[in-house]
Amino acid sequence: MAQAETIPTTTRRGFLSGAVAAAVLPAAAAPQLIDPIFAVIERHRSAFREFVAASLAVDEVKALRDGREITQEAEDRLDAAVEANEEAADLLTSTAPTTMAGLAAAVAWLLEYDEGCIPDTSGQFLRTLASSPLMVVG
């Protein structure tokens, strides 16, 4: 049986991710102090994934389609995920990057995270970025 040919598509997110990766790779190859923003981004990314998964577990329409009941355990999981995501977002929006690679990674993550949403988290983080030593001119 012949396989269907796949046609690569270019999305804004794909382009931005590639552009940021290209900008970050040379900087990341040079020896630098470890920027705390990388761990903070990963913590937020992980917390957000769990929040999305927990949200789907309590989605009434999805549960009906899946032929399942929404359990108290699923509700408790969502409550914990909301709290963990909020804590991780607060840490993200209050941690200024200390390297250009960290700055680029933080901006790329926030572009992905806020895509299709009101960019509250990005707006808060921009205030933190303004205080970064990387943003000081002169």
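This is a predicted model: local features need pLDDT of at least 70, side-chain atom pairs count only at pLDDT 80 or more; totals for chains, interfaces and linings use all residues.
I began with I37 and listed its contacts (heavy atoms within 4.5 Å): leaving out residues up to four places away in sequence, I37 touches L92, T95, P97, G102, A106 and F125. Residues are numbered from 1 along each chain as its sequence is written, and side-chain values use heavy atoms, with hydrogens and water left out.

Next I looked up where I37 sits: it lies in helix α2, residues 37-57. Helices here are DSSP runs of H or I with at least four residues, strands are runs of E with at least two, and numbering starts at the N terminus. Is I37 buried or exposed? I found I37 buried, at a relative accessible area of 0%; buried means under 20%, exposed over 50%, and partly exposed in between, with a 1.4 Å probe and protein chains only.

I also checked I37 against T99: they are 62 residues apart in sequence, yet 9.0 Å apart in space, C-alpha to C-alpha.

Then I stepped back to the whole protein. I counted six helices and zero strands. Of its 138 residues, 28% are buried. For contacts between residues at least 6 apart in sequence, I noted that 73% join residues at least 24 apart.

My last stop was E73, which I found in helix α4. E73 counts as exposed, at 65% relative accessibility.
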